[in-house]
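I open my notebook to record a few things that I looked up, one entry at a time.

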Amino acid sequence: MPASPSTARAINDRVALRLLQQEGPLTAGQLKQLTGLSRPTVADLVERLTAAGLIEVVGESGEQRRGPNARLYGIVADRAHLAALDVRTEGVSVVVSDLLGSELARASVPIADDTGTGPAVEQAVTLVERAAKEAGAERLHTVGVGAPGLIDPATGELRDSSGLPEWHRRLVAALQERLPARVIVENETNLAALAEQRDGAARDRDTFVLLWLGHGTGAAVVLDGRLRRGASGGTGEIGFLPVPGTSTLPSATDCEGGFHSLAGSAAIAELAAGHGLVATAVSPGEPEAAALVRQAVATLSSPPPSASPSLSASPSASSGADRFLSALADRLAIGAASVVAVLDPGCVVLGGEVGQVGGEVLAARVGERLARMSPLPVEVRASALGGGAVLRGALLTARESAQDDLFAPRSR
């Protein structure tokens, strides 16, 4: 059945807005060309969207002819302001942006282990409020939150999880109470995968697995372009995966003895120490494992003694770095092989801070081991976004939600 006039107008408006989001400012003529709509139809939708405060004239095209046909129309970026939060055990980071995702403010605050639940929540909420004020946002439309732990797929709420601070769960309720905004919570690793698919290492993949390697471990599964969460929201809790090489088995309340015991930051630091490696974190909050892997990769990349004796790594240091990275690749391949055997994703992204600094050196070693362990072809890639993928994914989620609301067809 043909669409009614009002439905057709709503569809046309949404198509035009999406084009302006993807392509940037366009003239009415360019909108006509890209949408295939008639000139009068485009003129009508431009008038409607301008009256609704969704688009505005932002300049003129570079054509010699001037006038109405040369006007460039763009989305009104400050129609809504968004915030993204990366909630970690040791603190919170926040980014505030406009409707197009342009960053306006960024801040973070460390939260000590001995901080009480109430004070921790207050620090985090105050951080968001101050960042919004710095960005010039009178109110936030949508807040995307990335947090460790399980997200209930039925309610969208952060579930109680052993080993995680109580203030994580309380924070979401506090944000909803203090801010006149929609608050969306998602598992941090899932958000990292969305960011890597949109802007990072998995841009050309609609099926892949992201293996998170930071302070802890996790995985995110994207199949046929869709993020898969599982019946209870627990898809990707790879830290609990029973693996060889540990002294015990994980339990329902403790991942000790699972893959986390091989690939968590503390486990990687212990492995590095056994090979004589030491390193200092580059930035506050960086996992110790990331600093060690970065140092090991840099050591292997140093020029040989004959090229520059003053800058070269000693043979013993180079050998230790090589053995460490090989042993780490052995460990990562165990977890990755289990995922590959079940899902056949074709691509595994080594995510988080460790995956990013390991780069092609670590990814290639894991890939070589997987090729020997599994008959299924799989490409191993290094993260392009590292730890920043969580904030990026949270912001993308907030932006999509806000645009879905603001660009939704209105009753006429």
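Which residue in E2 is the bridge partner of Glu56? I had to keep in mind that this is a predicted model, and in it I found that Glu56 is partnered by Gly74.

Entry on the two strands. I then looked at the pairing as a whole, and noted that strand E1, residues 55–60, and strand E2 run antiparallel and are joined by five bridges. Turning to E2 itself, which covers residues 71–75, I saw that the strand is mostly covered, since four of its five residues are buried.

Entry on two helices. I looked up how helix H2 (residues 28–35) packs with helix H3 (residues 39–51), and I wrote down an angle of about 120 degrees with the axes 9 Å apart. The crossing of H2 and H3 is right-handed. On the H2 side I listed Ala28, Leu31, Lys32 and Thr35, which meet Arg39, Val42 and Val46 of H3. Sorting the residues of this contact by kind, I got four nonpolar, one polar and two charged.

Entry on two loop residues. I searched for backbone angles and came to Asp224, which is not a glycine and yet has a positive phi of about 50 degrees. Asp224 sits in the loop between strand E9 (217–223) and strand E10 (226–228), and it is exposed, with a relative accessible area of 60%. I also noted Asp344, another residue other than glycine, whose phi is positive and near 50 degrees.

Note on methods
Residues numbered from 1 in each chain as written. Predicted model: local features only at pLDDT ≥ 70, side-chain atom pairs only at ≥ 80, totals over all residues. Heavy atoms only, no water. Axes fitted to C-alpha atoms, helices over the stretch in contact; angles between N-to-C directions. Left-handed = near helix turned anticlockwise from the far one by under 90°. Contact = heavy atoms within 4.5 Å. Nonpolar A, V, L, I, M, F, W, Y, C, P; charged D, E, K, R; others polar. Buried < 20%, exposed > 50% of the residue type's maximum accessible area, 1.4 Å probe, protein only. Pairing = 2+ DSSP bridges.
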